[in-house]
Amino acid sequence: MSGWDDLYKRTMAESKAMKEKISRRQMMKIMAATATTATVGMGSRIASADTKGPGWYTDDKMKGKVTMFVSAGQRWELPARGVLPLFNERFPNIEVDIQAGPHGEMVTKSMMLATSKSSAMDVLYTDFGQWPAFHAVNAMEDLEPFASKDPGWYDDYNKDTPTGVQYRVPANADGTLYGLTGDGNAKLHFYRQDLMHAAGIHKVPETWEEALEVAEALHNPDKDQYGFITTARRGGFAGWVFWGMLASYGGEWFDKQAEGGWHPTFNNDKGYKALETLMKLMKFRHPVTLNATDNECNTALANGSAVYAPIQWGTAVLQNPEFSKFPNDIGTDLVPRGETAESAHRPLMGGLGQYVSAYSENKEAAWEWIKHLNSGDYTDSRISDAYIEHTGQPARISMLNKYENIRPHFAGLKKSFPVAVSFVPLIPEAFTLSDIIGNEVTSVITGEKSIDDALKAMDKGVEGVMMDSGYYG
Amino acid sequence: MTHKSILRLSEGRIALFLVLPTLIILIGLAIFPLGWAGALAFRVENLFRPDIGKWVGFRNFKYLLTEDTFWKSIRLTLVWCVCVVSIQMALGFLFAMMLDTRARIVGVLRTLIVIPVFISPIAMGLTWQFMFEPVTGVINYCLELLGLPGGTWHTSTDTALMAVMIADIWQWTPFVTLILLAGMQGISPEVIEAARLDKVRGWKYITKIVIPLIWPVVMVVLLLRLVDSIRIFDLVYIITRGGPGTATLVASVYDFTIFQAGRIGVMAAYGFLILIVINLVVILFLRLLYRQEKEARIVQKA
């Protein structure tokens, strides 16, 4: 069985088990939270003893300064800043210094920060997919000794956070915990319900064939209305679109993710089908598609020039009336699947989280900070409220349930997580490989290469990197 | 040892002492990094796997030389340089001629025209990006008002390079204008008067009087713009990130994307190849210009 299948099955099994547990808690929590969020409109937090959970404690003896590096803006810096006042309430003598920088360069910058072995950085808030690279350079502190001091909290974290984004080495439930993943995301299917209804389409497309029909039906460039958009910028972005589609056709990156394996498997029928379908969708693409990241896609969907994004990273902004012209018309669902027997809904999943630097001189304080950031209702429901209010997108299933009423795309995330696969294989080379794959995808879209040549080049490029890394001779 | 030789020795030591700070800075900030980059070019180095570095000989160079994208980036850089610099020079010269009068308005215009040069490339790149936006951008909106069809600008592989060129030309033409204008205003009034009395006007005045007299200034501004254009990064990166596809993947942007993918060895090899290729082009170009200048001087003397 491949690593992906393993990961997928573990996530699914745990999610099913969790569903029942959560549904019991939900009854009380959602009612309380809904009432709270409805009355305060997420605009203010009510400090009362009722908000505190079993994980609440304070410590004014613990001292120190925690410096955290993080990408600036939504889902990164802002939720951290949002929950910081409560942390200060709990740990008045720990100073948290949030150093936010531009997100575009953060993958390389954070890697350089980690390899510098500097004690100036106590916590790094980064993409979950990058963690194997940090682990490979011994930059991550083993969190088990810290987590085991509070078994109640640890148990709550483990049960509430999908295994698909928990970072353990080795990657199984018994592996050692090296990072906390408070944020979760998945590729979602965004569509305009109003336009689909007007076009006589009353069912959300299940397969790529159906998605193509919708893209064609909604495509009307004369009215500046484009039937397809995705994040197809050269490099990783294009690579992850392709990987998402390949996964939906039952494809994999490697023959197996274990010794004796790691041979790329893009050049086959599944790879061909995925690229062919992507090319068909590209006929209806919005003008910005080829150079688009999430910003460009979201802007085009929000202003109505793009009306269909069947494989797009989850975001709250499209259903936010302050940003989108169509907050009530944009629906979310699972990304389509292929039409073949091996096809399935397999959205890509990622997450953002924090690890404590192995070179930190304030590890205890750093741990308390990231633990607080990942606590949610177990410690104090004000943490969850502040997290969501400040653009957080939780990985915790309980929080997705609790805030679904005010963040409609959480429903899509909740549906996606149990069937999702990681957006990169959990190996240090993942981003280098994503870039190679994405560049080949782009060469097909721009007509520089045929699908066959691009798939061959993907296999060759990926194999070269894996060989250099010593996976095989 | 004679008094003279002692003095010479101490002079030498003093000289060495005075030069030493510069030498250390030069070695630390230029020679060592260049040498280090040279060494990296022959190694497999992955930013995400610092533990796997190894010597691989010329493999990184071979990889690049067989990559279509490498050659495309070289081609794009050359096209960029030729188009952008020649248009900036032509327009700059035209505007300088127009401004080379004694009218009062010229002072105001000179101040206004210089504004684009002072705008941060990041702010300017973002502004142009928004203006170029095909569906919501102001440029297509204006074209539609005039009954003209809108363009795809920076979003299409066919027009993206041209769109970024427009932004660059808009920013740097005023610089060329100002320098050339300064050169023109340095032409002796007697020469201009003599030309007027000899009825040397129009094209003849430009080619026989103005250009030969400001030729050294033209050379300087041409070289400055050429070097700046070869290393163009900020504007392209902000507007298109080298895309769509590889449509604007000029040398420095391509090199940066290799770095972002963590391929340090390949990046270093690319840097060296670019250094060689671009230097060859610059040397050839400068030789050509020097020859032209020499010929012009001979004609002038005759």
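Two strands pair if DSSP finds at least two bridges between them. Strands themselves (E, at least two residues) and helices (H or I, at least four) are DSSP runs, numbered from the N terminus.

The model is predicted: local features need pLDDT of at least 70, side-chain atom pairs count only at pLDDT 80 or more, and totals for chains, interfaces and linings use all residues. Residues are numbered from 1 along each chain as its sequence is written, while chains are lettered from A and ligands numbered from 1 in the order in which they are written.

Take chain A as a whole. It has 17 helices and 9 strands. Of its 473 residues, 57% are buried; a buried residue has 20 or more other C-beta atoms within 10 Å of its own, an exposed one 12 or fewer, and a partly exposed one falls in between, with C-beta atoms placed from the backbone. Now look at contacts with a separation of 6 or more in chain A: 77% of them link residues 24 or more positions apart. Two residues are in contact if their C-beta atoms, placed from the backbone, lie within 7 Å.

Next, find strand β5 of chain A, residues 176–192. How many of its 17 residues are buried? The count is 16, so this strand is mostly covered.

Which strands pair with β5(A)? Start with β4(A), residues 167–169, which is antiparallel to β5(A) over 3 bridges. Here Val169(A) has Thr176(A) as its bridge partner.

Go on to β8(A), residues 348–356. This strand runs antiparallel to β5(A), joined by 5 bridges. Ala186(A) stands opposite Met349(A) there.

Strand β7(A), residues 330–333, is joined to β5(A) by 4 bridges, again antiparallel. His189(A) faces Asp333(A) across that pairing. Strand β6(A), residues 308–313, also pairs with β5(A) in the antiparallel sense, over 4 bridges. Tyr191(A) is opposite Tyr308(A) in β6(A).

Finally, turn to the partner chain. The contact takes 29 residues from chain A and 29 from chain B. On the chain A side, the elements giving two or more residues are α3 (106–115), α4 (131–136) and α16 (430–445). The largest share, 5 residues, comes from α16(A). By type, the chain A side divides into 11 nonpolar, 11 polar and 7 charged residues. Ala, Val, Leu, Ile, Met, Phe, Trp, Tyr, Cys and Pro count as nonpolar, Asp, Glu, Lys and Arg as charged, and the others, Gly among them, as polar.
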